[in-house]
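Please open the model in your viewer and keep the selection panel at hand. The stops below move from a surface patch to a helix pair and then to charged side chains.

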Amino acid sequence: MRSIDVRNAADVPLDVLLADGVPVLLKGVASDWGLVHAGRASTADAMSYLRGFDAGRPVPYSYGAPSIRGRPFYNDEFTALNVEVRRGGLGDVLDAIAQHLDDASPPTYYLASLPVAGALPGFVADNDLGLAARGIEVPPSIWIGNRVVASCHFDAPENLAVCAVGKREFTLFPPEQIDNLYPGPLDPTPGGQVVSLVDFAAPDFARFPRFRDALATAQTATLEPGDAIFIPGMWWHHVRSVEPFNVLVNYWWRRSPAFLSSPLPALHHALWTVRDLPEREKQAWAKVFDYYVFGPKARAGEHLPEQARDVLGPIDDTRARRIRAMLIGWLNR
């Protein structure tokens, strides 16, 4: 493992981050945030600061017994998750966390990916990275909890995450390490994305021997309050919240046009229609997909007149709508 590259930044060097496409730790980039200042004063001040923006709406959060050791995951049979999703006021969640700040093995309280705009109106005024000025209009999400582990997973969008209160340890792997990370079920998942089955706190190398190869490529960083980390889309990341109370604010965005759908339904459709074909036929389809999808964008239609290329030409909003309608028609047969 090696440390993630570090930049001491007064602001976010977004163009450089996107061009390089590698993880970067941005030291102190959010050090002037109101929540960061409150958290540095005390946990009570940080909680009070958040309560000051609370819209009073019920919010979903995960609860787990002390026995899960802060790791939302699966039961032993992989038939259900080891946490339950509850709804309650933000103040109630903060109260519950406060009651167990000194516990060696507290129950898990985890409020994940809550849209800031609806839950904490006014929060962004004093807690913002200024991405809109760089052409990225993306609403932030907030993550609030005690000592929680987000098992290793990937997100398709680019991710810029700010440690606002507490401390977080990140371990990142490039996308090609998927085979060495032993992904779990596609559904259900603890947080909406497939997660690695490896317990990073106590890796079982007899069961997951290739995880040693993944570790050889790992990059690590510990974020203090005010630090941010850029995680390129599709990079796997394992996140451990270290302190008894932790808050993270993150920004996800895609650089592709809105009319391009998520590739995830295509993955599910391919599992249904391609994976279990006879091997010779499946390999033939692999060549077809390489020709039409994974190879150079213009290759499949370059020998055709432009007016005859149809979906082989660049996808725009009109073509996207036609493809969607065609797929719905096929699936409804």
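Begin by selecting Trp285, Val288, Phe289, Tyr291, Tyr292, Val293 and Phe294, which form a nonpolar surface patch with about 690 Å² of accessible area together. A patch here is made of residues with over 30% relative accessible area and no salt bridge, like charges being joined within 9 Å and nonpolar side chains (Val, Leu, Ile, Met, Phe, Trp, Tyr) within 5 Å, and the areas come from the Shrake-Rupley method with a 1.4 Å probe, only the protein chains shown counting as cover for residues. Tyrosine 291 belongs to helix α8 (residues 279-294), helices being DSSP runs of H or I with at least four residues, numbered from the N terminus.

This is a predicted model, in which local features need pLDDT of at least 70 and side-chain atom pairs count only at pLDDT 80 or more, while totals for chains, interfaces and linings use all residues. Residues are numbered from 1 along each chain as its sequence is written, and side-chain values use heavy atoms, with hydrogens and water left out.

Because they are three residues apart in helix α8, about one helical turn separates glutamate 279 and lysine 282.

Next, select aspartate 317 and arginine 321, where another salt bridge spans 3.0 Å, N to O. These two, aspartate 317 and arginine 321, lie four residues apart in helix α9 (residues 317-331), and therefore about one helical turn apart.

Conventions:
A salt bridge is a side-chain nitrogen of Lys or Arg within 4 Å of a carboxyl oxygen of Asp or Glu.
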